[in-house]
Amino acid sequence: MKRYSAFAIAREAVRFHSGWERAWRSPTPKKKYKVIIVGAGGHGLATAYYLGKNHGITDVAIIEKGWLGGGNTGRNTTIIRSNYLQDPSAAIYEKARSLYETMSQDLNYNVMFSPRGVLMLAQTHHEVRGYQRTAYANALQGVKTEFIGPERVKEICPIMNIDGPRYPVLGGLFQARGGTARHDAVAWGYARACSDMGMDIIQQCEVTDVKRAGGQVTGVSTTKGDIDCEKLCIVVAGNSGHVAGLAGFRLPIESVALQALVSEPIKPCMDIVVMANTVHGYLSQSDKGEMVIGGGTDGYNNYTQRGSFQHVEETVRALVETFPMLSRLKMLRQWGGIVDVTGDRSPILSKTPLGNCFINCGWGTGGFKAIPGSGWAMAELVAKGHSPLTAEFGLDRFKEGRFIDESVAAGVAH
Ligand SMILES: Cc1cc2nc3c(=O)[nH]c(=O)nc-3n(C[C@H](O)[C@H](O)[C@H](O)COP(=O)(O)OP(=O)(O)OC[C@H]3O[C@@H](n4cnc5c(N)ncnc54)[C@H](O)[C@@H]3O)c2cc1C
């Protein structure tokens with residue numbers, strides 16, 4: 001694969017862009033692979049990439065029922081942060097955040113990582129105490145965050161009304177190296193690198209059954225025929241319960257639609273990400289100028305990938321209190337993705353009751369930020385059978401009551 005560079009752009013400009021190669025191949029599936037990954041979202045692609053890069057395993061197929069990155073990875077609001085409360089969470093999210101810092105160079109693909117700073121507003125005394133506690137925990141974990149007062153909040157984000165009316169801003173948890181990245185580019189960058197290593201990304205191919213014998217997976221049935229494998233890794237987010245069902249085991253997961261919307265583009269007015277969890281809404285400004293606004297989950301389990309009217313109304317009404325300038329904006333479009341939520345709001349990166357089958361799911365409303373760390377850890381688990389980063393995130397924690405409670409950091413926010 002030819003490298004992307006400023007020189008390549010100049011060269012192609014004079015050749016009328018006739019020399020660019022396809023970013024990834026569209027191969028016909030082979031009969032057998034060493035590892036099959038179901039789901040070509042960010043987590044599946046990152047798992048494949050680190051299997052090749054860190055463990056030298058490249059006989060890998062990534063099977064995707066739609067198009068790569070077309071699930072939650074291409075539908076999220078791209079917030080990246082690592083200010084979680086519990087130690088295992090801080091470890092994997094900070095690993096991911098640090099990998100984002102060099103991802104464009106590692107993949108030779110501009111993922112537009114923008115560490116513009118993430119601010120989580122404290123608008124009740126309860127939140128002040130909660131975020132101060134998180135700031136202390138983060139200091140012990142080596143994650144750089146700080147609790148800041150209302151004046152500093154106003155200085156960082158001048159368009160905010162910090163005085164009320166219902167919930168004045170009392171402070172905020174600020175992570176200066178948090179930010180955003182371009183979600184499609186993350187998927188495309190990993191896909192290009194995987195294809196370059198010789199891995200097969202098979203799109204428009206749904207896994208319809210998991211073939212088993214003697215407590216092991218032997219392969220999968222797909223809409224393009226049966227494919228055998230030595231190891232299977234299921235990474236299908238909101239479809240996890242369904243695909244685990246095909247493999248014969250159940251998951252403590254609920255699937256629910258999470259929605260987002262964007263406004264018409266306006267001039268640059270906000271250069272950080274702000275999350276207002278009490279009123280519930282969060283926003284950042286895209287490079288095109290649109291305000292990217294995150295809403296909530298539907299109040300009932302479902303598999304829809306659509307937006308709904310009441311969410312626009314609820315979310316915008318909530319945010320207008322703190323950002324009065326939003327009241328004049330027109331909303332351009334809205335959408336939804338199916339998120340996979342666990343009871344303790346922490347992910348599952350685990351072995352399964354089938355010896356050679358692994359599962360990565362439960363990232364719920366906040367897994368985009370975790371993609372590189374999750375891929376790194378999951379690849380290690382699949383290759384070696386254990387990983388320090390996944391040790392606490394096994395399925396057995398639900399049997400043994402070892403929950404990793406992130407309901408404050410991840411329950412409503414992203
Ligand atoms: C509106 C919204 C906003 C969000 N905002 C943020 C945010 O700001 N920050 C953040 O960190 N996270 C956010 N998230 C969460 C984040 O998007 C997800 O946690 C993350 O993208 C999950 O990635 P994934 O690779 O696990 O899943 P996905 O990207 O959904 O990929 C799973 C893939 O599996 C495929 N698949 C399913 N079933 C099968 C099958 N049977 N056969 C083959 N393929 C199959 C699907 O088609 C899909 O492409 C948001 C999510 C949504 C919906």
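Colleague: Which domains is the protein chain divided into?
Modeller: In this predicted model, the protein chain is divided into domain 1, made up of 31-79 + 85-107 + 183-252 + 344-410, and domain 2, made up of 115-180 + 255-341.

Colleague: And how far apart do the C-alpha centres of domain 1 and domain 2 lie?
Modeller: Those centres lie 27 Å apart, and across the boundary 23 residues of domain 1 are in contact with 23 residues of domain 2.

Colleague: Which element gives the most to the side of domain 1 that touches domain 2?
Modeller: That is α3, with 4 residues, and the elements giving two or more residues to this side are α3 (87-101) and α8 (240-246). By class, the residues on this side of domain 1 divide into 7 nonpolar, 11 polar and 5 charged.

Colleague: Switching to the ligand, how many residues surround it?
Modeller: There are 40 residues around the ligand, and the closest are G39, G41, G71, G337 and G367. Two or more residues of the shell come from each of α2 (42-55), β12 (254-265) and β16 (331-341), while domain 1 and domain 2 each supply at least three residues.

Colleague: What about the shell by class?
Modeller: The shell around the ligand has 14 nonpolar, 21 polar and 5 charged residues.

Colleague: Where is E146 found, and what does E146 touch?
Modeller: E146 is found in strand β5, residues 146-148, and, leaving aside residues up to four places away in sequence, E146 touches A135 and F174.

Notes: Residues are numbered from 1 along each chain as its sequence is written. This is a predicted model: local features need pLDDT of at least 70, side-chain atom pairs count only at pLDDT 80 or more; totals for chains, interfaces and linings use all residues. Two residues are in contact if their C-beta atoms, placed from the backbone, lie within 7 Å. A residue is near a molecule or strand if its C-beta atom, placed from the backbone, lies within 6 Å of it. Ala, Val, Leu, Ile, Met, Phe, Trp, Tyr, Cys and Pro count as nonpolar, Asp, Glu, Lys and Arg as charged, and the others, Gly among them, as polar. Domain bounds come from an automatic or database domain assignment.
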